[in-house]
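Please look over the chain shown below before reading on. The paragraphs that follow lead through its helices, its cores and its loops.

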Amino acid sequence: VDPFTLLEQADRNQARGDCDDMAMLIATLLLAIGHEPWFRCVRYEGRIAGAFSHIYVVDKFSDGKYVCLDAIVKNQPMGFEVPHSSEVDYSCIP
């Protein structure tokens, strides 16, 4: 689902999306206000070797702190990051 469709669905309280949909939405909103977020792809223990299973956004805020923004993890504060076995970061800006 693209970010604009997800916003329209959210306006109707019908939004549904997986981690890549939510990461695209968060990154789009941050880019719109001048931030330079990036995507972090992660692999968890016990997964198929070489397979990444989750993606979320990381951003650097004005105080210099890096913050993970994962909309899929429930009941955790902004900045919470699920422990993972490996990661790769990708720029949101080509």
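Contact, as used throughout, means heavy atoms within 4.5 Å. By that criterion, and not counting residues up to four places away in sequence, C92 touches A27, L31, P37, W38 and F39. The model is a predicted one, in which local features need pLDDT of at least 70, side-chain atom pairs count only at pLDDT 80 or more, and totals for chains, interfaces and linings use all residues. Residues are numbered from 1 along each chain as its sequence is written, and side-chain values use heavy atoms, with hydrogens and water left out.

Helices (H or I, at least four residues) and strands (E, at least two) are DSSP runs, numbered from the N terminus. Helix α1 covers residues 3-11 and helix α2 covers residues 19-32; their axes come within 9 Å and cross at roughly 95°. Axes here are lines fitted to C-alpha atoms, for helices over the stretch in contact, and angles run from 0 to 180 degrees between N-to-C directions. Angles under 35 degrees count as roughly parallel, over 145 as roughly antiparallel, 65 to 115 as roughly perpendicular and the rest as oblique. α1 and α2 are therefore roughly perpendicular to each other.

Which residues of the two helices meet? From α1 come P3, L6 and L7, and from α2 come D21, M22, M24, L25 and T28. The residues of this contact divide into 6 nonpolar, 1 polar and 1 charged. In this count Ala, Val, Leu, Ile, Met, Phe, Trp, Tyr, Cys and Pro are nonpolar, Asp, Glu, Lys and Arg are charged, and the others, Gly among them, are polar.

Helix α2 also has an inward side to consider. Its buried residues are C19, D21, M22, A23, L25, I26, A27 and L30, where buried means under 20% relative accessible area, exposed over 50% and partly exposed in between (1.4 Å probe, protein chains only). Their cover includes α1, β1 (38-43), β2 (54-60) and β3. Just after α2, G34 takes a positive phi of about 90°.

A nonpolar core is a set of buried Ala, Val, Leu, Ile, Met, Phe, Trp, Tyr and Cys residues joined through side-chain atoms within 4.5 Å. The largest such core has 12 residues: C19, A23, I26, A27, L30, F39, C41, I55, V57, V67, L69 and C92. Two or more residues of this core come from each of α2, β1, β2 and β3, and α2 gives the most, with 5 residues. Apart from this core lies another, of 6 residues, among them W38, V42, V58 and C68.

The loops complete the picture. N13 lies in the loop between α1 and α2 and has a positive phi of about 60° although it is not a glycine. At 71% relative accessibility, N13 counts as exposed. The C-alpha atoms of N13 and V88 are 75 residues apart along the chain and are separated by 33 Å.

The loop between β3 (66-69) and β4 (86-91) holds N75, whose phi is near 60°, a positive value in a residue other than glycine. At 78% relative accessibility, N75 counts as exposed. G79 also has its place in the loop between β3 and β4, and at 35% relative accessibility G79 counts as partly exposed. G79 and C68 are 11 residues apart in sequence and 4.5 Å apart in space, C-alpha to C-alpha. Leaving aside neighbours within four places in sequence, G79 is in contact with V67 and C68.
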